[in-house]
Amino acid sequence: MVYRMIFENILHRPIRTLVSVLAVAIEVGMVMLVVGMTHGMLHETAKRVEGVGADIMVQPPQASLFFGLTQAPMPIKIGDRLAEIPHVLSVAPVLFLFNAHGGINLIYGIDPASFNRVSGGFAFLKGGPLVNPYDILVDNWYARSNNVKVGQTLSLLNHNFHVTGIVEHGKGARLFIPLSTAQDLSGAHDKASIFFVKCTDPGYTHAVMHSIRELLPQHQVLSIREYMSLMTSNNLPALTAFITAMISVAVGIGFLVIFLSMYTTITERTREIGILKSLGAGKRYIMGVILREAGLLSIIGILAGYAGTWLVKRAIVATFPTLTVELTLHWALWAGLLAIGGSLLGAFYPAIRAARLDPVDSLAYE
Amino acid sequence: MGSIFLATTECETKETDRTGCMEPIISTANLRKVYRVGKVDVPALRGVNFVVQEGEFVAVVGPSGCGKSTLLHVLGGLTRPTSGEVLVDGNNFTCMNDAERTKFRRHKIGFVFQRYNLLPTLTARHNIVIAQHIQGDGFNPHRFDSVAEMLGIKDKLNRKPYALSGGEQQRVAIARAVICEPKLLLADEPTGNLDTENSQLVLNMLRALNRDFRQTIVMITHNPEAASVADRIVRMRDGRVVSD
């Protein structure tokens, strides 16, 4: 009976219901999309680095896990010394360049021969390898996102590059230029940002890492497995703070809208509350009606939020193919719980206020 | 039966006193109610002494502002008296807190208001059923059918209040008030918003409830014709009972 009354109340004020449901849906959508995009981008970046095929990566001291954020290249000769370590099959030096023109992109400056030895070579979907200094390879996600074709000219880093090939994504970056060109453009002659090291057998990884640390005690030496495990938002304090802030804003929106909605409801329905009290409804009953109504609005909003999030994800991926949105059941449940919690909290004061209304005054309310 | 709602030792003494003799269902002694309006105390009841026996139909009449509605609100437990004594079915409202009076009202009292006070979002059927739901005894289809039949609203049950005439709304309100078989029915100007025909219909129904089911009714009105259907007429003026 209570649910019928709540259901009728919800239908009776369609605009209020719509606004409340929308606020909760936006709350759920914000939580899921912010978390989904940050986690998705992190995981996708990590997977691409894993896709290079190396077992170990060597970076300069204090280098960031986010490639391209720090410019502290190492002498390229280090690569020769790394190659001499027992059980090292090949070493690929890469120089990172950060392009902010027409979108933010990390460009790998590669030596095609060594990079192919470590990675097993690119899978060309169209075109062919780098030949000339201002040739560029793009992966298929970038090509689809920016409508790039083989043979066209790409303007990056204030230079025009000739697209020679479109490769399967998943080899570290989305854009690849020759190492020497990258060195010229950045003024880092005979330098590299990272060395990808491939062992003769993955079982030698720890032994090789030990040898590298003896050789380069100040440098960062990570196995790819360690790198993968570090690429989570928990290991990135700024990102965790960002996610927490965004979730707080989302929950705050839901809380405030439900608070306002239920507060308005109490004012509008003062007389009805008086009627219920004249029938003998106690404070708990009145509070139960208000909180259950907020809960029901919240559940409808959560379901709408799930559907909306799924649609937005599809729209994002269709519009920006290079973006990854990772929606998980875990965060869907968390978003739902936060939405319900925020809504009930928002409805709590209005519910208490309704329960405390004087029945005589309520019945006289116009 | 009434003693289950008693709260204090003083109240229990009064319950003991009445053992062995027929006690009235309503008994007030020097009942006062003062409202605070801003910084001014406004006395609404100034020492009301008033008794109603079980099964009586009593009309309370008097000019506007004489305290009739306040008396009804106090008798229904909607508001607490400022001083004096009010015993309803053996329970002293002066000793009871808001929750106890609410519980008492839920089980023992039915209200009929001048403005019907139906829940606008619910159908007539659900406006009646909700009273049973709040009481907690669940839906009693036999009782529901007999009340709807008696009040002639069986074919209106699926309509919402806005689709009912004033007379029909008031009959639904009466059905809601009596569905839980209250000991006391309190009616506040039940014909105040109705035309003559519907007023007579509603009064006849109240009369029938009192006659056929010995339903105790206290009805407030300033309409002498409406008051005339009652067994007894109590007149109020300036917060006091002036004739009984």
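**Domains of chain A**

I looked up how far apart the two domains of chain A sit, and found their C-alpha centres 48 Å apart. Domain 1 takes in 2-43 + 237-364 and domain 2 takes in 61-218, with bounds that come from an automatic or database domain assignment. I note that this is a predicted model, in which local features need pLDDT of at least 70, side-chain atom pairs count only at pLDDT 80 or more, and totals for chains, interfaces and linings use all residues. Residues are numbered from 1 along each chain as its sequence is written, while chains are lettered from A and ligands numbered from 1 in the order in which they are written.

**Contact between the chains**

I then turned to the contact between the chains, to which chain B gives 19 residues and chain A gives 17 residues; two residues are in contact if their C-beta atoms, placed from the backbone, lie within 7 Å. On the side of chain B that touches chain A, the elements giving two or more residues are α3 (98-108) and α4 (124-135) of chain B, where helices (H or I, at least four residues) and strands (E, at least two) are DSSP runs, numbered from the N terminus. The largest share of that side, seven residues, comes from α4(B). Sorted by class, the side of chain B that touches chain A holds nine nonpolar, eight polar and two charged residues; here Ala, Val, Leu, Ile, Met, Phe, Trp, Tyr, Cys and Pro count as nonpolar, Asp, Glu, Lys and Arg as charged, and the others, Gly among them, as polar.

**Nonpolar cores**

Which residues have the most contacts inside the largest nonpolar core? I find A:V31, B:V60, B:L75, B:A175, B:L186 and B:V218, in a core of 110 residues. The term stands for a set of buried Ala, Val, Leu, Ile, Met, Phe, Trp, Tyr and Cys residues joined through C-beta atoms within 7 Å, and a residue is buried if 20 or more other C-beta atoms lie within 10 Å of its own, exposed if 12 or fewer, and partly exposed in between, with C-beta atoms placed from the backbone. Helix α2 (residues 14-51) of chain A gives the most to this core, 10 residues. Another core lies apart from it, with 53 residues, including A:V49, A:V94, A:Y142 and A:C199. I also listed the contacts of B:A175, which, not counting residues up to four places away in sequence, touches B:I128, B:V147, B:A148, B:L151 and B:I153.

I checked strand β11 (residues 194-199) of chain A and found six of its six residues buried. A:I194, A:F196 and A:K198 point one way, A:F195, A:V197 and A:C199 the other way, and all are buried. β11(A) pairs with strand β1 (residues 56-59) of chain A in the antiparallel sense over three bridges, two strands being paired if DSSP finds at least two bridges between them, and A:M57 stands opposite A:F196. Strand β3 (residues 88-99) of chain A also runs antiparallel to β11(A), joined to it by six bridges, with A:V88 opposite A:C199.

In helix α4 (residues 112-119) of chain A, the buried residues are A:S114, A:F115, A:V118 and A:S119. Seen down the helix axis, they fall within an arc of 120 degrees, so they line one face of α4(A); the arc is that of the directions from the helix axis to the C-beta atoms. These buried residues pack against β3, β4 (105-110) and β11 of chain A, and α4(A) is followed by A:G120, whose phi is positive, near 85 degrees.

Is A:L125 buried or partly exposed? I count A:L125 as partly exposed, because it has 14 C-beta neighbours inside 10 Å. A:L125 lies in strand β5 (residues 124-127) of chain A, and its C-alpha atom is 5.3 Å from that of A:V167, 42 residues apart along the chain.

Strand β7 (residues 153-156) of chain A shows a covered face, A:L154 and A:L156, and an uncovered one, A:T153 and A:S155. β7(A) pairs with strand β8 (residues 159-167) of chain A in the antiparallel sense over four bridges, and A:L156 has A:H159 as its bridge partner. Two residues lie between the strands of this hairpin, where A:L157 takes a positive phi near 55 degrees.
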